[in-house]
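This report covers a ligand site and the strands and helix around it. Please look over the sequence and the model before reading on.

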Amino acid sequence: MGKRMIRVEKLVKTVPSGDGQLNILKGIDLEINTSQSAAIVGPSGSGKSTLLGLLAGLDTPTSGDVFLDGQSLAAMTEDQRAALRARSVGFVFQSFQLLPSLTALENVMLPLELAGRRSPRQRAQQLLKDLELDHRQHHYPRLLSGGEQQRVAIARAFASEPAILFADEPTGNLDVNTGAHISDLLFRLNREQGTTLVLVTHEQALADHCERAFEMRDGELCELAVAR
Ligand code: ADP
Ligand code: MG
């Protein structure tokens, strides 16, 4: 039995909608161990991205709580959550979210600098090299292909060796071959760094790679049996 890395208790997210309320998440319970990989699948609009944002402490729930490595996000101030994110959490989004005015190398260096890590340039260069991007390190994002941008985003997410990586449809905008390469990278880094991986995906192949799989339907999450 591994150690619990993520624990979610009765998580509810309700937002105002017209003259009523929209119940996006209806009481989610979830536990994921250190170094596990988990996929969340489900129809568009079912609440997957909302859940990921709450797990990462980017958004706050209406009720319930998220514990990352035993620490309650609800008990923290916004500054404390930001510090925890910088220390322990990485994200990869479908839309890359690279900073357009920074080169690939600078985008990867940024979280290292923010975290006060030693030799940020060397580490960022090594990561880009690992992702076969060393020849692109001084290019700006707009000069890179979608697959290259996503690899830079992954290098950035892994730069500070987060204990947990959240990825929201990380292969969603990519062609099949590039998407397969990205998913290989995610699982390689998961194996090599012991990173706990939580992926939202539409791709069955990506979900099949994960040790655990969950389906979101209408704001409720259920665990799927994984064939081995
Ligand atoms: P998924 O990622 O599964 O496609 P989302 O979590 O993005 O789903 O959204 C779930 C539902 O909640 C959608 O109907 C979406 O329009 C709605 N929604 C998400 N965030 C907000 C918000 N801040 N205000 C109002 N509605 C929202
Ligand atoms: Mg989504």
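Which element gives the most to the shell around ligand 1? Helix α1 does, with three residues.

## Basis of the model

This is a predicted model, in which local features need pLDDT of at least 70 and side-chain atom pairs count only at pLDDT 80 or more, while totals for chains, interfaces and linings use all residues. Residues are numbered from 1 along each chain as its sequence is written, chains are lettered from A and ligands numbered from 1 in the order in which they are written, and side-chain values use heavy atoms, with hydrogens and water left out.

## The shell around ligand 1

The residues around ligand 1 are Val15, Leu22, Ile24, Pro43, Ser44, Gly45, Ser46, Gly47, Lys48, Ser49 and Thr50; a residue belongs here if one of its heavy atoms lies within 4 Å of the ligand. By class, the shell divides into four nonpolar, six polar and one charged residue. In this scheme Ala, Val, Leu, Ile, Met, Phe, Trp, Tyr, Cys and Pro count as nonpolar, Asp, Glu, Lys and Arg as charged, and the others, Gly among them, as polar.

Polar contacts are pairs of N or O atoms within 3.5 Å. An N or O atom in the side chain of Lys48 is 2.8 Å from an oxygen atom of ligand 1, and one in the side chain of Ser49 is 2.9 Å from a ligand oxygen. Ser46 contributes through its backbone, with an N or O atom 3.2 Å from an oxygen atom of the ligand. Taken alone, ligand 1 exposes 570 Å², of which the protein buries 56% (Shrake-Rupley method, 1.4 Å probe). Two or more shell residues come from each of β2 (20-33) and α1 (48-55); helices (H or I, at least four residues) and strands (E, at least two) are DSSP runs, numbered from the N terminus.

## The four-stranded sheet

An open sheet of four strands runs in the order β2-β1-β4-β5, with antiparallel pairing; two strands pair if DSSP finds at least two bridges between them. Its edge strands are β2 and β5 (71-72), each pairing on one side only. Strand β1 (residues 4-17) pairs with β2 over 11 bridges, and Arg7 stands opposite Glu31 in β2.

Helix α1 lies across β1, β2 and β4 (63-68), at about 125 degrees to β1. Contact here means heavy atoms within 4.5 Å; axes are lines fitted to C-alpha atoms, for helices over the stretch in contact, and angles run from 0 to 180 degrees between N-to-C directions.

## The β9-β10 hairpin

Strands β9 (residues 212-217) and β10 (residues 220-224) pair in the antiparallel sense over five bridges. Phe214 has Glu223 in β10 as its bridge partner. The two strands form a hairpin with two residues between them, and Asp218 in the turn has a positive phi of about 55 degrees.

Key. A polar contact is a pair of N or O atoms within 3.5 Å; within protein, one must be able to donate a hydrogen and the other to accept it, and residues adjacent in sequence count only if both atoms are side-chain atoms.
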